[in-house]
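These exercises are meant to be worked through with the sequence and the structure side by side. Try each task before reading the solution below it.

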Amino acid sequence: MHIERLALTDYRNYATLDLSFSPHINVLIGENAQGKTNVMEAIYVLSMAKSHRTSNDRELIRWDQEYGKIEGDIQRKYGRLPLELILSKKGKKARVNHLEQNRLSLYIGQLNVVMFAPEDLNLVKGSPQVRRRFLDMEIGQISPTYLHDLLTFQKILKQRNAILKNNRGKLDLNDVMFDVYTEQYIQVAVQIIRKRFYFMQLLQQWAEPIHNGISRGIESLEVAYATLKEFDSGQTVEQMESIFGQKLLEVKRRELERGMTLVGPHRDDLHFFVNGYDIQTYGSQGQQRTTALSLKLAEIELVKQEVGETPILLLDDVLSELDDYRQSHLLNTIQGQVQTIVTTTNVAGIDHDTIRQADIFEVTAGVVAKKKGQ
């Protein structure tokens with residue numbers, strides 16, 4: 001798939017913008033704070049209905065305006081697909097092929113993107129929250145039911161936590177609603193965990209050979225999903241629900257002491273091992289960056305396998321963060337295969353045919369001008 005056209009109205013620093021993209025490589029060049037990342041972000045928001053930079057949608061709307069709008073013409077294997085997302089203080093409205101969607105979970109997945117930004121280099125060494133977000137955003141693109149389960153989980157978790165907080169310090173809790181929420185919590189949590197197990201198996205399948213190639217055959221990568229140690233991917237729903245229920249009984253006293261839910265998908269993590277060593281703890285910066293790059297390239301293949309089409313790759317000022325070898329590996333991989341949108345302050349230091357053949361856009365103070373690629 002690829003995006004043919006992007007139109008913005010009152011989005012960030014753009015009053016209006018209308019761009020047509022090449023199905024191959026597109027490079028947005030500009031100094032910092034000129035608006036090139038805003039274009040990249042808009043494509044991501046059009047895909048995911050949320051920003052990778054802020055959780056406050058109001059920040060996406062141009063100053064003093066009531067709403068902002070993102071429109072995109074997407075080319076998929078079955079034809080052209082218009083998408084539209086309207087952002088306002090009251091919330092979001094999403095349209096697919098001019099038809100308004102009742103739920104955002106029905107909208108997400110129409111446009112698949114893989115984003116690689118400097119902060120993604122923190123995927124390995126950053127906090128567990130960063131890695132859970134990675135899981136949730138990527139699985140959500142290929143599984144609308146996962147997004148629905150995740151929203152349900154968050155609502156139930158909030159209700160369950162409220163009761164625990166109100167009864168904090170008690171030795172026991174006899175509350176019918178708490179038991180109801182706990183039962184619902186177990187059911188939806190197990191569904192999320194099972195989908196994460198499945199996703200991690202696919203990610204491992206693609207990331208291991210990619211990492212091996214980047215490391216010139218000297219490193220082997222293992223990606224592990226860290227959840228309850230009693231769980232494994234071969235268990236049935238019933239077995240996992242039983243294990244989870246028992247675990248919640250075991251920690252109930254501690255949950256009352258702390259006033260919060262202590263076990264569940266919101267506390268899970270990912271672990272990365274290279275040649276058997278935990279690289280979050282013992283890996284060099286180079287190994288950590290190779291792992292992050294391997295995961296992003298694996299995402300492309302994973303989405304292609306699950307959706308049947310290649311996603312769009314968004315490289316937000318990340319090429320300058322990679323050394324020449326990793327940079328070349330990335331560009332060789334995407335050459336002629338994946339529509340790619342790149343932002344950078346300049347291309348002088350990027351010596352690669354992929355960039356020389358790209359469509360170049362210069363971004364200055366919210367004005368985007370296209371020039372012929374070199």
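This is a predicted model: local features need pLDDT of at least 70, side-chain atom pairs count only at pLDDT 80 or more; totals for chains, interfaces and linings use all residues.

**Exercise 1.** Follow H6 along its length, and compare its span with the expected one.

*Solution.* First take the residues, 176-214, which make 39 in total. Next take the reach from the first C-alpha to the last, 55 Å, which is close to the 57 Å expected at 1.5 Å a residue. Then look for a bend: a kink of about 25° lies at Ala 207, shortly before the proline Pro 209. Finally, step past the helix to Arg 216, whose phi is positive, near 60°; this Arg 216 also lies over the face of Tyr 325, at 3.6 Å from the ring centre.

**Exercise 2.** Classify the aromatic pair of Phe 21 and Phe 361, and locate both residues in the chain.

*Solution.* A search of the whole structure finds six aromatic pairs. In the pair formed by Phe 21 and Phe 361, the ring centres are 5.8 Å apart and the planes are at 65°, and because an angle over 60 degrees counts as edge-to-face, that is the class of this pair. As for location, Phe 21 sits in the loop between strands S2 and S3, whereas Phe 361 belongs to strand S14, 340 residues apart. Both residues, Phe 21 and Phe 361, are buried.

Technical notes: Residues are numbered from 1 along each chain as its sequence is written. Side-chain values use heavy atoms; hydrogens and water are left out. Helices (H or I, at least four residues) and strands (E, at least two) are DSSP runs, numbered from the N terminus. The expected span of a helix is 1.5 Å times one less than its number of residues. The bend at a residue is the angle between axes fitted to the seven residues ending there and the seven starting there. Rings of Phe, Tyr and Trp (its six-membered ring) pair if their centres lie within 6.5 Å; planes under 30 degrees apart count as stacked, over 60 as edge-to-face and the rest as tilted. Buried means under 20% relative accessible area, exposed over 50%, partly exposed in between (1.4 Å probe, protein chains only). A charge sits over a ring if NZ of Lys or CZ of Arg is within 6 Å of the ring centre and within 35 degrees of the ring normal.
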